[in-house]
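Have a look at the picture, then read on.

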Amino acid sequence: MDKLLSPDTGLMIWVIVTFLCLVGILKLFAWGPLLGAIEAREGRIRADREGAEKARAEAERIQKDFESQMAGVAAKTKELLAAATKDGEALRAKLKAEAEADAQGIKDKTMADLANEKNRLVGELRKDVADLSVAAAAKLMHKTVDAGVQKTVLDGFFKDLETSKASQN
């Protein structure tokens with residue numbers, strides 16, 4: 001144990017020289033390539049991380065663009081639906097107005113046709129009544145009345161009838 005406490009200087013020098021040679025060899029052949037590989041890996045990791053951050057930023061930008069486009073499409077869809085609803089209401093109102101105008105026109109035409117038919121029937125009825133009256137009067141008088149006298153008497157009768165009708169109203 002004595003030898004452990006009293007070091008041999010020659011041995012110590014050789015141990016130090018050997019250690020420094022070993023460190024030099026390791027630095028040349030092991031630490032240099034090892035540190036280079038570690039730095040290269042660190043560079044690749046850094047580049048990959050930067051690429052991933054760029055890709056994430058690009059994805060976020062694309063997502064924002066997509067969301068804004070979707071909002072624009074939604075707004076345009078609402079506008080188109082509102083315009084279609086407005087056009088539909090306008091068309092419905094137009095068709096309703098046309099239908100009401102057509103119905104009023106048909107009603108007016110029907111009323112005019114009925115008035116014309118009434119006047120025609122009244123005229124025929126007057127003629128038939130007049131013919132019957134003349135026939136009855138001829139039978140009563142036992143003589144025939146000619147057409148000129150018949151027309152004059154009937155015109156006077158109708159004038160008197162219209163005058164009495166107007167005075168009643």
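How much accessible surface does the protein chain have, and what share of that surface belongs to carbon and sulfur atoms? The total is about 15,100 Å², and carbon and sulfur atoms account for 66% of that area. Accessible areas here come from the Shrake-Rupley method with a 1.4 Å probe, and for residues only the protein chains shown count as cover.

Before going further, a word on where this comes from. This is a predicted model, where local features need pLDDT of at least 70 and side-chain atom pairs count only at pLDDT 80 or more, while totals for chains, interfaces and linings use all residues. Residues are numbered from 1 along each chain as its sequence is written, and side-chain values use heavy atoms, with hydrogens and water left out.

**Overall shape**

The protein chain has three helices and zero strands, so the pattern along the sequence reads α-α-α (helices are DSSP runs of H or I with at least four residues, strands are E runs of at least two, and numbering starts at the N terminus). Helix H2 covers residues 9-141, and helix H3 covers residues 147-168.

Now for the dimensions. Along the principal axes, the C-alpha atoms fill a box of roughly 190 × 30 × 25 Å. The radius of gyration is 62 Å, whereas a compact globule of 169 residues would come out near 15 Å. That radius is taken over C-alpha atoms, and the globule rule is 2.2 Å times the number of residues to the power 0.38.

Buried residues make up 4% of the 169 residues. For the labels used from here on, buried means under 20% relative accessible area, exposed means over 50%, and partly exposed is in between (1.4 Å probe, protein chains only).

Lys118 sits in helix H2 and is exposed, at 55% relative accessibility. From Lys64 to Ile13 the C-alpha separation is 71 Å, for 51 residues apart in sequence. Leu161 belongs to helix H3 and is partly exposed, at 36%. Leu161 and Ile106 are 55 residues apart in sequence, and their C-alpha atoms are 34 Å apart.

**Charges and salt bridges**

The protein chain carries 27 positive and 27 negative charges, and their mean positions are 3 Å apart. In this count Lys and Arg are positive and Asp and Glu are negative, with His and the chain ends left out. Each charge is placed at NZ of Lys, CZ of Arg, CG of Asp or CD of Glu.

How many salt bridges are there? The count comes to nine, where a salt bridge is a side-chain nitrogen of Lys or Arg within 4 Å of a carboxyl oxygen of Asp or Glu. Here are some of the pairs.

| Pair | N to O distance | Spacing in helix H2 |
|---|---|---|
| Glu42 and Arg46 | 2.8 Å | four residues apart |
| Glu89 and Arg92 | 3.1 Å | three residues apart |
| Arg120 and Glu124 | 2.3 Å | four residues apart |

Why do Arg120 and Glu124 lie about one helical turn apart? Because they are four residues apart in helix H2. Arg120 is partly exposed, with a relative accessible area of 40%, and Glu124 is partly exposed at 37%.

For the other pairs, Glu42 and Arg46 are likewise about one turn of the helix apart. Glu42 is partly exposed at 41%, and Arg46 is partly exposed at 41%. Glu89 and Arg92 are separated by about one turn as well, and Glu89 is partly exposed at 42%.

There is also a network of salt bridges, which links Glu58, Arg61 and Asp65.

**A nonpolar patch**

Which residues make the nonpolar surface patch of about 560 Å²? Leu22, Leu26, Trp31, Leu34, Leu35 and Ile38 do. Patches are built from residues with over 30% relative accessible area and no salt bridge; like charges are joined within 9 Å, and nonpolar side chains (Val, Leu, Ile, Met, Phe, Trp, Tyr) within 5 Å. One of the members, Ile38, lies in helix H2 and is partly exposed, at 47% relative accessibility.
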